[in-house]
Amino acid sequence: MRRVNWIVAAAVVGILFCGCKKEQTAEAPPPEQPKAAAPAQPKAEAPAPAPAPAQPTATASAPVEAPRKGFDRALLRAALLKDKAPETFQVKFATTRGDFVVTVNRAWAPNGADRFYSLVKHHFFDNTSFFRVHPGFIVQFGISAYPPVSAAWTNATIKDDPVKASNKMNSVTFATAGPNTRTTQLFINLVDNSRLDRDGFAPFGKVTEGSNVVEMMYEGYGEMPGMGGSGPDPSEIEKQGKPYLDKNFPKLDSIKTATLMGPAPEAGKP
């Protein structure tokens, strides 16, 4: 698959890369361009914050499912999973740190919303980890816990969406490895990262409930190797899956289940 996308912060502005052959990375200190670079197979990256890097609300009424064992076999046929998302919908994330809800507004980024909807519908995010937590910048996730699934989505890219909503605090955006390279990696903005707007990062939703949970994700392992840190290597996650993280980074927070909840009570504003 594409190597994990990381957000690489580049001088003053960032370009997120998300893909399978390139890992996406973003750095906070010096505002960089979030981008993705992939050790094994490039993937999506999250944006990088400026010196001082960059909310919404929803309800979680759906019952929390127990962590699934194994994966939905439909995920091995990425090219066939092209469901059209409702105009608005919510997703409840039950994590090891607590629960939070993401409210999606399809009008903000149709292609991104449709991809997110299909991934959640088939439980792609279940058992995945928040492998990159950059305080004051972003929280990144979206690499499957299962190597066969990661491989199936390496080239399953979607076209870019015009940026209609801004990368403000709590907004949710796909990482990218360049134009039209979004696959499965996402990041949640922990601060106002609106500078990423000019680089094409198009938010499709935002955390509307449980933002405090997102802010508390375990950050002790630091940045990814490609960003000068000793944290999880996206390419190794793609190749080895969850066992790699459990063995080397046992304190990382992860997603137990990501569940569709239905239409949003009220559409948000960009």
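I started with the rings: Phe89, Phe93, Phe100, Phe116, Tyr117, Phe124, Phe125, Phe130, Phe141, Trp153, Phe174 and Phe204 form one aromatic cluster. My pairing rule takes rings of Phe, Tyr and Trp (its six-membered ring) with centres within 6.5 Å, and calls planes under 30 degrees apart stacked, over 60 edge-to-face and the rest tilted. By that rule I get 19 aromatic pairs.

A note on provenance: this is a predicted model, so I kept local features at pLDDT of at least 70 and side-chain atom pairs at pLDDT 80 or more, while totals for chains, interfaces and linings use all residues. Residues are numbered from 1 along each chain as its sequence is written, and side-chain values use heavy atoms, with hydrogens and water left out.

Next I looked up two pairs. Phe71 and Tyr146 are tilted, at 5.1 Å centre to centre and 45 degrees between the planes. Phe71 sits in the loop between β4 (35-37) and β5, Tyr146 in the loop between β8 and α2 (147-152), 75 residues apart. Helices (H or I, at least four residues) and strands (E, at least two) are DSSP runs, numbered from the N terminus. Phe71 is partly exposed, with a relative accessible area of 23%; I call a residue buried under 20%, exposed over 50% and partly exposed in between (1.4 Å probe, protein chains only).

The rings of Phe174 and Phe204 have centres 5.3 Å apart and planes at 40 degrees, so this pair is tilted. Phe174 lies in strand β9 and Phe204 in the loop between β10 and β11 (205-209), so the pair ties together parts 30 residues apart in sequence. Phe174 and Phe204 are both buried.

Then the core, meaning buried Ala, Val, Leu, Ile, Met, Phe, Trp, Tyr and Cys residues joined through side-chain atoms within 4.5 Å. The largest one has 39 residues, and Phe93, Phe100, Phe116, Phe125, Trp153 and Phe204 have the most contacts inside it. Which element gives the most to this core? I found that α1 does, with five residues. Apart from this core lies another, of 10 residues, including Tyr221 and Met224.

So I checked α1 (residues 110-121) itself. Nine of its 12 residues are buried, so α1 is largely enclosed by the rest of the structure. What covers those buried residues includes β5 (88-95), β6 (99-105) and β12 (255-262). Just after α1, His123 takes a positive phi of about 60 degrees.

Last entry, for scale: buried residues make up 61% of the 270 residues in the protein chain.

Note on methods:
Contact means heavy atoms within 4.5 Å.
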